[in-house]
Amino acid sequence: MEGAEEEPLVQCPVCLQQLPGAHINSHLDRCLQAGEGEAEPGSSPPCKRPRIAAASPGSQAQGEPEAARPAATPHVFSLFHKGRGGGQSPGAAGRRSGAGREEAAVKPEEGGPAAAGGGAASLAQKLEGKPLAERLRPDTLGDYVGQERVLGAQTLLRSLLESHEIPSLIFWGPPGCGKTTLAHIIANSSKKNGTRFVTLLATSAKTNDVRDVISQAQNEKRLFKRKTILFIDEIHRFNKSQQDTFLPHVECGTVTLIGATTENPSFQVNAALLSRCRVIVLEKLSVEAMEAILMRAVRSLGVQVLGQGDQHGSSATGSSSESSEFPVYIEEKALNTLAYLCDGDARTGLNGLQLAVQARLAVGKTTPLNIAEGRSADGILITEEHVKEGLQRSHILYDRAGEEHYNCISALHKSMRGSDENASLYWLARMLEGGEDPLYVARRLVRFASEDIGLADPLALTQAVAAYQGCHFIGMPECEVILAQCVVYFARAPKSIEVYRAYSNVKECLRMHTGPLPPVPLHLRNAPTRLMKNLGYGKGYKYNPMYKEPVEQDYLPEELKGTDFFKERKT
């Protein structure tokens with residue numbers, strides 16, 4: 001070819017077309033996307049040939065003639081064979097193995113006709129299919145709600161995300177705080193920047209899946225200088241040996257690792273891997289953030305919000321067949337209540353809203369409403385009671401095997417030490433209502449009785465042991481009041497750490513001693529045999545009950561004479 005002298009042509013390993021070297025990367029992207037998508041509009045029906053060999057949608061736009069396209073070939077360069085964790089966003093992975101999320105979130109059309117209120121029939125169609133929490137997952141940082149501390153304006157993470165400079169990160173936070181959504185936003189951003197984004201779910205992925213992804217990433221980096229971001233959802237589910245697989249590749253930059261976990265990374269992630277990643281702590285969403293998310297969901301569904309001044313009748317009329325044309329309303333108080341009850345979990349809040357709406361649509365009863373002065377209408381109304389019925393109770397976050405377990409028992413211990421009986425009962429209830437083992441709490445109370453109360457109230461230890469035995473006898477839920485009584489008793493009891501501090505001083509003395517430990521003085525040793533008596537064991541010991549006056553006698557080794565462990569030692 002004549003142009004080859006000026007600029008050498010490179011053959012595409014997917015469709016075998018000859019292209020200038022400067023255009024090969026963009027052409028490969030289109031080729032791979034065309035392999036997963038539909039056939040090009042206007043083309044003839046496919047005749048049993050590999051989908052990945054389909055023509056690129058952008059080939060005609062580049063002026064390539066139809067005849068120049070090579071015939072389909074069953075042999076494709078192995079680099080582009082899609083594995084379980086191929087170059088997918090968090091959404092694309094879910095369509096193949098259920099290991100991820102749907103690729104595109106449904107954007108709310110806040111300014112469209114649906115925002116002005118729609119009928120129950122159209123609303124029911126909107127709620128079919130994906131859960132509401134998945135449909136409303138934002139695609140850009142501008143739509144992301146909450147986490148202002150780490151993603152607010154001028155923050156380091158936001159600046160890095162906007163500049164497409166993504167370091168290795170671990171998102172740590174409670175369920176529903178936006179960890180996977182943040183990864184979804186990074187995935188959409190990386191597509192525009194030409195970076196591969198691969199998603200794996202630690203609950204289903206195996207070590208071989210990880211190695212396949214790393215192998216593809218090495219090929220992409222070596223051949224096309226293309227970066228790969230690997231997102232591991234629930235990374236704490238990987239054991240230590242699986243986590244070790246990432247170490248050298250994160251170290252040398254083959255992959256950029258992004259992990260999401262609800263567990264404390266200090267306990268669940270290898271220290272070596274943790275040192276190579278930046279831990280981003282995400283907190284529970286505030287009530288204000290939850291209200292914004294729920295209001296956005298309501299607008300996207302076309303449900304109208306009734307303010308505090310709007311009134312509605314107490315009796316329901318109509319039928320399910322007639323109510324299909326009526327608009328749907330929700331009380332503003334219902335949204336506020338839902339924002340509080342979901343405990344900062346956006347997924348719980350949105351799914352609770354969806355459940356309440358679907359339940360009311362299934363019943364199909366309409367209610368007379370006064371929506372403005374001198375204006376009334378019939379519609380399907382969702383009230384605060386309907387929202388509460390859907391959630392049943394407040395969503396209590398507690399993990400018996402995770403960090404929240406230690407946080408709550410620490411709060412209980414410190415509240416009793418500070419003599420705050422109200423806080424003590426609160427933290428006790430948080431643990432028991434969250435499913436904590438009552439015997440674990442009772443054992444901690446036995447320890448507290450001697451550590452923090454001690455000799456200031458010797459009966460505290462008896463109270464704790466009795467509480468433990470009572471819990472062992474009758475179990476939950478009857479034993480909760482036993483623990484509550486013991487907790488309040490301890491909170492009101494006088495506190496003394498005299499014994500605890502003295503014993504700590506003894507342990508420090510033993511640890512700091514240099515050389516062999518001093519022997520037991522002879523007069524304190526037992527002499528059960530004649531040989532021991534002949535060696536001087538027990539000689540000179542004064543039996544205290546035989547003396548009316550105090551006995552002058554040393555009981556400590558010679559090196560420790562005069563030591564007082566009850567005095568505060570200098571540190």
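Trainee: Is Tyr-541 buried, exposed or partly exposed?

Mentor: Buried means under 20% relative accessible area, exposed over 50%, and partly exposed in between (1.4 Å probe, protein chains only). Tyr-541 has a relative accessible area of 40%, so Tyr-541 is partly exposed. This is a predicted model, in which local features need pLDDT of at least 70, side-chain atom pairs count only at pLDDT 80 or more, and totals for chains, interfaces and linings use all residues. Residues are numbered from 1 along each chain as its sequence is written, and side-chain values use heavy atoms, with hydrogens and water left out.

Trainee: Where does His-164 lie, and what is its phi?

Mentor: His-164 sits in the loop between helix 6 (156-162) and strand 3 (169-172); helices (H or I, at least four residues) and strands (E, at least two) are DSSP runs, numbered from the N terminus. Its phi is positive, about 60°, although His-164 is not a glycine. With a relative accessible area of 33%, His-164 is partly exposed.

Trainee: What is phi of Ser-419?

Mentor: Phi of Ser-419 is near 60°, a positive value in a residue other than glycine. Ser-419 belongs to the loop between helix 17 (403-417) and helix 18 (421-433). Its relative accessibility is 40%, so Ser-419 counts as partly exposed.

Trainee: Is the peptide bond from Met-476 to Pro-477 cis or trans?

Mentor: That bond, from Met-476 to Pro-477, is cis, with omega near 5°. Pro-477 is in the loop between helix 20 (459-474) and helix 21 (480-492).
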